[in-house]
Amino acid sequence: MTYFFDGSISGFLTAFLAAYHDEAALVTSRRQQLILGEAPVYIKTDETRAARAKARLLCFDDGCMKDLNLLLRCGDDNSEQIAFSYFKKLAKSGKPVHNMLSDDAVFAAVEKIRRVGLELHRFHGFIRFMETASGALYAPFAPDHDICDLLLPHFRARLPRYPFVLHDITRKKAAVYDGKNAFVAPLEQAEIVLSGNENAWQALFSRYYAAVNIPSRERLKQMRGYLPVRYRRFMTETHGEKK
Amino acid sequence: MFDFLLWEGYNGGMITQEKLTILTESAKYDVSCSSSGSRRKNEGGTGNGYAAGCCHSFTPDGRCISLLKILLSNDCIYDCKYCPSRVSKDVPRATATPEEICELTMDFYKRNYIEGLFLSSAVHKNPNYTMERLLLVVKKLRLEYGFHGYIHLKGIPRADESLTREAAKYADRMSYNIELPSEQSLKLLAPQKSKESLLLPMKQLTLERAAFVEEKRKGLIKKGYFLPAGQTTQMIVGASPEADGRILRLTQSLYRKMQLKRVYYSSYIPVVQDSLLPTAAAAQLREHRLYQADWLLRFYGFGVEELVGEGENLDMEVDPKCAWALKNMHLFPVEINRAPLEALLRVPGIGARNAHKILAARAYTKLKFEDLIKMKIALKRAKHFITCDGKFYGAKNELAVRGLLTAAEVGENATQLSLFDDFVRFSDRKNALVALDGQL
């Protein structure tokens, strides 16, 4: 049976309890093809039941909610089902399973967590801020996974004097730091006025990027491995190169 | 909610594109790019240290951009034969002001283009003057601009030790480039530099850093830093005749005696013509092999004597760990379910991450060959040196293993093996046949 939930952690935990004994359960929050003759189950998030499930799972592995948080951020279609299988394994084992790497469910979950973590690390470097006329910084980007708010602490710690907006174009939301508070808000499109010097600084960085390259040692394949083409869309130095 | 994006802003000073190009072109052959090792905190200004390091971009040559790599000046009084900024070479010269470097760093940093500054300089006027200017920039950045991001500062040989000490309080990392791996080569190609002028300041900084760490541990010093990310150095490979064995012995002693964080290797590129220099660029494969050996020295428990003799070069056909394993076949195969970490780390193809994965997974179940595949452990090389639950899946004799490992190496760097066309890529016909035989 297919169990639909709202994509939240509590929603997942409610669905997890509902689907636990169903051997053919498919847990998802995404739109997908229903199986003919099968009535889907729409899970209504129940905070009390979710809290109960959470408390029980934390007894088995005190780091498991961190894993779940990353798994539900994964942009891949099957990530919620992978999370379900992983947590079922955890509940059945009654002890941490994240090192049980020869198990399919565990390895798949660990791989998804690794990929979300890798993208988060990459965007610590690949975010490109533009200075607006107000002095605030604005960075549009299109991550594969829902990591927008996870980037906030990093940039808030290093740029406490600058208000900034990290705009996830794909999910139409933004992580905002207004100079005092940080929060996440829906944002379809941002209207920005660039500062007078912004274009000149961008040109200067593009010039730097060209000058620091050693043309006689071209290794484009290696470059692609480290800086996939899909990430270049909002990068100053690659002039918004698209896949 | 987003109104603050529309407030009034400011205009600042800016280095010219031409000056930036000249000063970057001269700095780009310095290979050090890492920004790791510093946990410097933001104390109310801009920036902080990111202990893991962070790459901000990658250039078409496959190298990362982490730091703004720039010279303060390329106007040099020295005449090092290999250097594009040497005094006898007719090239455009430029010198940046401290303010230009500071503005550039701050504006690049806040746009997240860079993780920090890598500041070097040609020896302008004299070593002390140059070091004073470098120190001025670093102090300005830290004290006036409130910059707490990463700073890698190049040390100037023969500068006064008080300047070096002062610089170490503000920089996260310092480096003196050894450039050439022997005193004779240094005399020949960089006559104004000497072994002592490079090693003494490195030694001074090592001792002072150790004393600082000890005093901080005892609580005698509460605040401040002294090279939190340590020291590095760089050697040019292929400009002088030293063998890999000699280079790696020097590397090992730098790691063990000077506690250096990294030794970088740069395969020689003929950017200047001189009768004392080779006309062709050194093979990048040699640089790659040296880095592989360097990794084995630092993270895999190897000693240089195990990898290469003093006057010998590393094997170009297979990586240094494979070469060592082929010489020590009597130690293999090791059982994946019982071998200690040290033994797993010595299996070709199994890196530190995978060795730990195996240790973690085997605590739950006896691992089989299929399990390793499932765990995405690369077995192309490893299968010849391991057993899984008592079963062996590799080639049986040493010659076949060597052929297969060579083939695997070629396969990684080239196109798919073709039965007839690609024979020439193997070192010799015998190896090529062994590879095919082994596969069949």
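The model is a predicted one. Select B:E310 to begin.

**Stop 1: the surroundings of B:E310**

On the chain, B:E310 sits in the loop that joins helix 9 (304-307) to helix 10 (320-327) of chain B. Now display the residues around this glutamate. Apart from neighbours within four places in sequence, its contacts are B:A243, B:G245, B:R246 and B:R249.

**Stop 2**

Colour chain B by domain, with domain 1 covering 10-307 and domain 2 covering 320-439. The C-alpha centres of domain 1 and domain 2 of chain B are 37 Å apart. Where the domains of chain B touch, ten residues of domain 1 are in contact with ten residues of domain 2. About 890 Å² is buried between domain 1 and domain 2 of chain B, and carbon and sulfur atoms account for 59% of it. Select B:Y300, B:F302 and B:E306 next: they supply 54% of the area that domain 1 of chain B buries against domain 2 of chain B, more than any other three residues.

Which residue forms a salt bridge with B:E306? The partner is B:R346, with the closest N and O atoms 2.7 Å apart. Between domain 1 and domain 2 of chain B the count is one salt bridge. The count of residue pairs in polar contact between these domains of chain B, both at pLDDT 80 or more, is three.

Turn to the side of domain 1 of chain B that touches domain 2 of chain B, and select helix 8 (284-299) and helix 9 of chain B, the elements that give two or more residues to that side. Helix 8 of chain B makes the largest contribution to this side, with five residues. By class, this side of domain 1 of chain B has six nonpolar, two polar and two charged residues.

**Stop 3: the two domains of chain A**

Move to chain A and select domain 1 (2-119) and domain 2 (127-238). The contact between these domains of chain A involves eight residues from domain 1 and eight residues from domain 2. Taken over C-alpha atoms, the centres of domain 1 and domain 2 of chain A are separated by 32 Å. The buried area between domain 1 and domain 2 of chain A is about 710 Å², with 49% given by carbon and sulfur atoms.

Show the side chains of A:R73 and A:D149, which meet in a salt bridge at 2.9 Å, N to O. Across the interface of domain 1 and domain 2 of chain A, one salt bridge is found. Six residue pairs, both members at pLDDT 80 or more, are in polar contact between these domains of chain A.

On the side of domain 1 of chain A that touches domain 2 of chain A, highlight helix 3 (64-73) and helix 5 (104-126) of chain A, each of which supplies at least two residues. The largest share of this side, three residues, belongs to helix 5 of chain A. By class, this side of domain 1 of chain A has three nonpolar, one polar and four charged residues.

**Stop 4: where chain A meets chain B**

Show both chains together. How many residues does each chain bring to the contact? Chain A gives 71 residues and chain B gives 71 residues. The size of an interface is often given as the accessible area lost when the parts come together. Chain A and chain B bury about 6400 Å² between them, 59% of it on carbon and sulfur atoms.

Centre the view on B:E115 and A:R158, whose side chains meet in a salt bridge at 2.6 Å, N to O. Between chain A and chain B the count is six salt bridges. There are 36 residue pairs in polar contact between the chains, both at pLDDT 80 or more.

Finish on the side of chain A that touches chain B. Several elements of chain A each supply at least two residues of this side, among them helix 5, helix 6 (152-158), strand 7 (173-177) and helix 8 (220-226). By class, the side of chain A that touches chain B has 42 nonpolar, 14 polar and 15 charged residues.

Notes. Residues numbered from 1 in each chain as written. Chains lettered and ligands numbered in written order. Predicted model: local features only at pLDDT ≥ 70, side-chain atom pairs only at ≥ 80, totals over all residues. Heavy atoms only, no water. Domains from an automatic or database assignment. Contact = heavy atoms within 4.5 Å. Buried area = accessible area lost by both parts, 1.4 Å probe. Salt bridge = Lys/Arg side-chain N within 4 Å of Asp/Glu carboxyl O. Polar contact = N/O pair within 3.5 Å; in protein donor to acceptor, adjacent residues only side chain to side chain. Helix = DSSP H or I, 4+ residues; strand = E, 2+ residues; numbered from the N terminus. Nonpolar A, V, L, I, M, F, W, Y, C, P; charged D, E, K, R; others polar.
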